[in-house]
Amino acid sequence: MLSLSKIHHIAAICSDYQKSKKFYTDFLGLQILQEVHREERQSYKLDLALNGVYILELFSFPNPPQRLSRPEAAGLRHLAFEVNDIAATHRLCLLEGVIAEEIRVDEYTNKSFFFISDPDGLPIEFYEK
């Protein structure tokens, strides 16, 4: 058995770098650790942290193929963020003009959660602490 200690990071590819960068930093509040433009690949690489911990690597590539999100497909399903106040988070999303699903309750944990989507349609889940 492997001896894993934690998830190091998750990588996502976006179709509109500036739009996605704004979403992940200005709306979600992730902090930029490093931003690199890789001229030879016509690509950006953006390392993002949550509360100082590196969690997301955002890439841009010219004309990436669309990812199938619905109906659900095999592979990475969504990103989930823990929040202290699910109702306040939901209200803020709506106030910012972000389409948010209704708040639901997980039948196994009795915790509340809801989904939004990033600019490329990747589902983002907010889950009650």
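Me: In what order do the elements of the protein run from the N terminus on?

Reply: This is a predicted model. The protein has 2 helices and 8 strands. Read from the N terminus, these elements follow the order β-α-β-β-β-β-α-β-β-β.

Me: What share of the residues of the protein count as buried?

Reply: The C-alpha trace spans about 50 × 45 × 30 Å along its principal axes. The protein exposes about 8,700 Å², of which carbon and sulfur atoms supply 53%. A residue counts as buried when its relative accessible area is under 20%. Of the 129 residues, the buried share is 36%.

Me: Which residues in helix α1 are buried?

Reply: Helix α1 covers residues 17-27. An α-helix has 3.6 residues a turn, so residues three or four places apart point the same way. In helix α1 the buried residues are Tyr 17, Ser 20, Lys 21, Phe 23, Tyr 24 and Thr 25.

Me: Which residue just after α1 takes a positive phi?

Reply: The place to look is the stretch just after α1. The phi angle there is about 85°, and the residue that takes it is Gly 29.

Me: How many disulfides does the count come to, and why?

Reply: A disulfide is a covalent bond between the sulfur atoms of two cysteines. Here a pair of cysteine sulfur atoms must lie within 2.5 Å to be counted. The sulfur of Cys 14 has its closest cysteine sulfur in Cys 93, 19 Å away, which is too far for a bond. The count of disulfides therefore comes to 0.

Me: Is Cys 93 buried or exposed?

Reply: Buried means under 20% relative accessible area. Cys 14, with a relative accessible area of 1%, is buried. For Cys 93 the relative accessibility is 2%, so Cys 93 counts as buried.

Me: Which side chain of opposite charge is nearest to Glu 125?

Reply: Glu 125 is found in strand β8, residues 123-128. Glu 125 is buried and has no salt bridge. A salt bridge would need a side-chain nitrogen of Lys or Arg within 4 Å of a carboxyl oxygen. The nearest side chain of opposite charge is 6.7 Å away and belongs to Arg 104.

Me: With which side chain does the side chain of Glu 125 make a polar contact?

Reply: Leaving aside neighbours within four places in sequence, Glu 125 is in contact with several residues, including Leu 79, Phe 81 and Phe 114. His 78 is also among these contacts. At 2.8 Å, the side chain that makes the polar contact with the side chain of Glu 125 is that of His 78.

Key
Residues numbered from 1 in each chain as written. Predicted model: local features only at pLDDT ≥ 70, side-chain atom pairs only at ≥ 80, totals over all residues. Heavy atoms only, no water. Helix = DSSP H or I, 4+ residues; strand = E, 2+ residues; numbered from the N terminus. Buried < 20%, exposed > 50% of the residue type's maximum accessible area, 1.4 Å probe, protein only. Lys, Arg positive; Asp, Glu negative; His and termini not counted. Polar contact = N/O pair within 3.5 Å; in protein donor to acceptor, adjacent residues only side chain to side chain. Contact = heavy atoms within 4.5 Å. Areas by Shrake-Rupley, 256 points an atom, 1.4 Å probe, with all protein chains shown as cover.
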